[in-house]
Amino acid sequence: MLDKREKLPVLIAGGGIGGLAAALALAQKGLAVRLLEQADDFKEVGAGIQLGPNVFRMFDILGLTQAVSRFAVFPENLIMLDAISGEEVTRIPLGDGFRRIFTHPYALIYRPDLLNVLLEACRKSDRITLDTSQKVVAVDERDGGVTVRTLAGKIYEGAALIGADGLWSTIRQIVVGDGKPVVAGHITYRAVLPTKEVPEHLRRWSMTFWAGEKVHLVIYPLRGGDLYNLVAVFHSDRYAEGWDSYGDPAELHARFARTCEPVRTLLGKIDSWRMWVLCDRPPIKTWSRGRVTLLGDAAHPMLQYLAQGACMAIEDAVCLANKVEELDGDFAAAFAAYQNARYLRTGRVQIMARIYGEFYHAGGVARELRNMMLGGRTPEQAFESMQWLYGEDAGPTGYGRIFQREATPVL
């Protein structure tokens with residue numbers, strides 16, 4: 001616990017998974033926190049999220065493991081199939097062998113459930129104040145603190161500011177000023193389907209993934225098996241960055257026309273899809289300025305192909321709070337130390353997520369080579385390929401096995 005407690009709270013812009021995790025981590029170190037969420041309520045889009053062993057270590061630190069586990073599904077396998085032939089390419093068992101290597105499990109959770117676990121933990125803390133309908137639009141750093149102004153015209157005084165306001169972060173433009181995110185040329189459609197509507201032969205207690213040429217489909221159970229999460233991704237340059245709307249089922253079926261029957265059957269079960277244009281940014285080394293720093297997607301947005309966006313944000317939160325404690329509340333020094341501890345790890349995940357997206361969407365000879373390489377792996381070789389991401393020495397404050405040779409990609 002910090003001996004010298006600031007009279008002013010730490011301000012956090014953004015009440016998503018990363019912002020709430022940061023609020024909780026800082027409050028546990030004895031700091032007062034005021035979180036400013038731009039929406040009228042704290043909410044997440046109803047979709048699934050994957051949780052690797054690395055984030056369960058953070059849940060242990062934050063005291064959330066039991067609460068998260070109540071809502072999580074613990075799948076038996078990660079299964080990759082070829083979306084054209086339907087044949088199984090590889091299967092990574094997630095049972096005793098996996099847990100023996102990584103100590104912690106792999107889990108699947110409904111995104112709103114994870115947000116609510118964090119939100120309830122924050123609401124129970126007398127050090128955390130949660131304000132809604134407050135979008136930060138201006139920041140003035142001064143000696144000993146910061147002042148922020150919101151779109152609603154309110155002024156907040158704080159000891160420091162953390163921008164956890166996502167891909168389109170206002171705080172990032174104040175600190176970094178690098179403009180719009182980069183459009184990946186990939187479109188994602190998301191939906192949830194009641195289990196009774198999933199054909200019985202496709203109901204697996206696993207994270208199942210069909211990889212095709214410039215397309216893929218993911219399905220896995222949520223909420224104790226009551227729902228299945230579906231994520232369909234395809235390449236397209238049709239849409240502008242930031243597009244967020246309901247997708248066009250006709251376009252989706254056209255993109256997946258050459259895929260196998262199970263994929264087309266599952267896609268046919270959904271009438272209404274939520275659509276996003278996938279964007280990210282190149283890794284950067286500096287995302288702090290004095291008493292202002294960034295966290296999660298505001299600092300290092302990444303594509304979804306390693307399922308690590310939320311996990312990295314929660315690692316950020318724990319690392320940041322540790323640095324503030326270690327440097328006794330010297331926020332400028334702590335924020336510099338935090339970004340230095342994180343930028344190589346998060347940068348690698350950003351880069352590898354893009355590479356894996358191309359790997360999963362391979363066609364022609366590349367598809368055959370991918371299937372041969374993954375199909376010949378043992379579970380032990382698969383676990384070894386995951387060490388850089390999930391291993392005990394991988395984060396949040398250490399670099400982990402950053403320079404490990406990437407012999408066979410993680411699923």
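A salt bridge is taken here as a side-chain nitrogen of Lys or Arg within 4 Å of a carboxyl oxygen of Asp or Glu. The model is predicted. A search of the whole structure finds 18 such salt bridges. In one of them, D113 pairs with R223, with the closest N and O atoms 2.8 Å apart. This pair links distant parts of the chain, 110 residues apart. D113 sits in helix α5 (residues 111-123), and R223 in the loop between β14 (215-222) and β15 (227-235). D113 is buried at 5% relative accessible area, whereas R223 is partly exposed at 37%.

R172 and D178 also form a salt bridge, at 2.7 Å from N to O. R172 is buried, with a relative accessible area of 0%. D178 is partly exposed at 34%.

A further salt bridge joins D280 and R354, whose closest N and O atoms are 2.7 Å apart. D280 belongs to strand β17 (residues 274-280) and R354 to helix α10, so the bridge ties together parts 74 residues apart in sequence. D280 is buried at 1% relative accessibility; R354 is partly exposed at 32%. Elsewhere, a salt-bridge network links E315, D316, R342 and R345.

Helix α10 covers residues 331-360. At 1.5 Å a residue, its 30 residues should span 44 Å, and the 41 Å between its end C-alpha atoms agrees. The helix has a kink of about 40°, centred on Y343.

V365, L369 and M372 make a nonpolar surface patch of about 340 Å². M372 lies in helix α11 (residues 364-375) and is exposed, at 61% relative accessibility.

Definitions and conventions. Residues numbered from 1 in each chain as written. Predicted model: local features only at pLDDT ≥ 70, side-chain atom pairs only at ≥ 80, totals over all residues. Heavy atoms only, no water. Helix = DSSP H or I, 4+ residues; strand = E, 2+ residues; numbered from the N terminus. Expected span 1.5 Å × (residues − 1). Bend = angle between axes of the 7 residues up to and from the residue. Patch = residues over 30% accessible without salt bridge, like charges linked within 9 Å, V, L, I, M, F, W, Y side chains within 5 Å. Areas by Shrake-Rupley, 256 points an atom, 1.4 Å probe, with all protein chains shown as cover. Buried < 20%, exposed > 50% of the residue type's maximum accessible area, 1.4 Å probe, protein only.
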